[in-house]
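Please read this note with the sequence and the 3D view side by side, and look up each residue as it comes up.

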Amino acid sequence: THSDTVDYSNDSICENFSSNVKLNGSGDSGKSKDSSVNSMKERGQFNSLRRPKVAQQAALPYPPESNFVVGLEDILSIEQMIGAIRTLQYSPEQLAKISKESIVNAADMKQFVKSVYYVALESLQLGIFSARLCACLFDYTISDGGDFRTELLTLLQGQFKTRAALQLANTDRWIAFCTYFCQLFKHCQIGGQPIKSLAIAVVELIQSMISDRGCSLDEIRCVES
């Protein structure tokens, strides 16, 4: 176990993440996160987040999953792997296998997590794909201390703090950002359980969508996907 390993049995990094998330739009510190989540449950909204509707999508162009083996010709650079995400050359599961053979040190892992995040913001579809890829790599570690889960949750914590600027700057990227978080919550688990901090973040994102203005159809779709 490397020295900076996070104790995920206590969901410690998630707790740090969720401590930066306010669940009531007014910023009233008198209301607890738990009571806000319980209120969402009572209104039937939280359950719809935990089990989002599966949108009908066209068949994706990547090859079938069965019997996929990573060969020497499949070892890719980070740039090539990001290109493969954009072109949907592989399934998320296949690209995860390739990533495990291609990422050789902690620095590469950190750069890969960051690159996947930015490509996820390019479109709703890439947000969905990237989240599924992250779910496949969520428990992946390498011998020199590279830990995919730690890198991902740390990055998300930082990006979540600056979400307001993204929402104002670019609607399409904002929708992809929301999609990415919703899909990460849908697919990533710790010990077979949903991640509390991501649940809180998704609730906050939905409240951001509906506060001060109506939701657009694309924003609704990013939650339903």
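Predicted model: local features only at pLDDT ≥ 70, side-chain atom pairs only at ≥ 80, totals over all residues.

1. Residues are numbered from 1 along each chain as its sequence is written, and side-chain values use heavy atoms, with hydrogens and water left out.

2. On the cysteines: how many disulfides does the structure hold? The structure holds zero disulfides, a disulfide being a pair of cysteine sulfur atoms within 2.5 Å. For C188, which is in no disulfide, the nearest cysteine sulfur is that of C134, and it lies 6.5 Å away. C188 is buried, at a relative accessible area of 1%, where buried means under 20% relative accessible area, exposed means over 50%, and partly exposed covers what lies in between (1.4 Å probe, protein chains only). C182 also has a value to note, since its relative accessibility of 7% makes it count as buried.

3. On the salt bridges as a group: the count comes to five salt bridges, where a salt bridge is a side-chain nitrogen of Lys or Arg within 4 Å of a carboxyl oxygen of Asp or Glu. Three of these pairs are taken up in the points that follow.

4. On E122 and R86: their side chains meet in a salt bridge, with 2.7 Å from N to O. Because E122 lies in the loop between α6 (106-120) and α7 (124-137), while R86 belongs to helix α4 (residues 78-87), the pair ties together parts that are 36 residues apart in sequence. The helices named here are DSSP runs (H or I, at least four residues; strands are E, at least two), numbered from the N terminus. E122 counts as partly exposed at 38% relative accessibility, and R86 counts as partly exposed at 45%.

5. On E151 and K110: the closest N and O atoms of this salt bridge are 3.5 Å apart. The pair links distant parts of the chain, as E151 sits in helix α8 (residues 148-161) and K110 in helix α6, 41 residues apart. K110 is partly exposed, with a relative accessible area of 48%.

6. On R163 and E204: is this pair made of buried or exposed residues? The two side chains form a salt bridge of 3.2 Å, N to O, and they link distant parts of the chain, with R163 in helix α9 (residues 163-169) and E204 in helix α11 (residues 196-210), 41 residues apart. R163 counts as buried at 15% relative accessibility, and E204 is buried at 9%.
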